[in-house]
Amino acid sequence: MKACPRCKSVSRHRLKRKGIVKLIPGTKGYACDKCKTKYTWVSIINLSLRI
């Protein structure tokens, strides 16, 4: 699930990944539309991490 790690909302939009996160395969950058938190989703382990 690509839910926001802060507010658990699924309303989001994609972001361009920056820094070392670009080098890690299977990651996608998102920003929550509700609370404006930027986070990265790691598809391999199905985990959302705040940036």
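## Who Lys28 touches

Leaving out residues up to four places away in sequence, Lys28 touches Arg14, Arg17, Tyr39, Thr40 and Trp41. Keep in mind that this is a predicted model.

Take Arg14, one of those partners. Arg14 and Lys28 are 14 residues apart along the chain, yet their C-alpha atoms are separated by 7.6 Å.

## Where Lys28 sits

Which strand holds Lys28? Look for S2, which covers residues 27–32.

## The whole chain

Time to zoom out. The protein chain has four strands and zero helices, so reading along the sequence gives you β-β-β-β. The radius of gyration is 10 Å, close to the 10 Å that the globule rule gives for 51 residues, so the chain is as compact as a globular protein of that length. If you boxed up the C-alpha atoms along the principal axes, you'd need roughly 30 × 20 × 15 Å.

How much of the chain is buried? Of its 51 residues, 27% count as buried. The accessible surface of the protein chain comes to about 3,700 Å², and carbon and sulfur atoms make up 58% of that.

Finally, consider contacts with a separation of 6 or more: in this chain, 28% of them are between residues 24 or more positions apart.

Technical notes: Residues numbered from 1 in each chain as written. Predicted model: local features only at pLDDT ≥ 70, side-chain atom pairs only at ≥ 80, totals over all residues. Heavy atoms only, no water. Helix = DSSP H or I, 4+ residues; strand = E, 2+ residues; numbered from the N terminus. Contact = heavy atoms within 4.5 Å. Rg over C-alpha atoms; globule rule 2.2 N^0.38 Å. Buried < 20%, exposed > 50% of the residue type's maximum accessible area, 1.4 Å probe, protein only. Areas by Shrake-Rupley, 256 points an atom, 1.4 Å probe, with all protein chains shown as cover.
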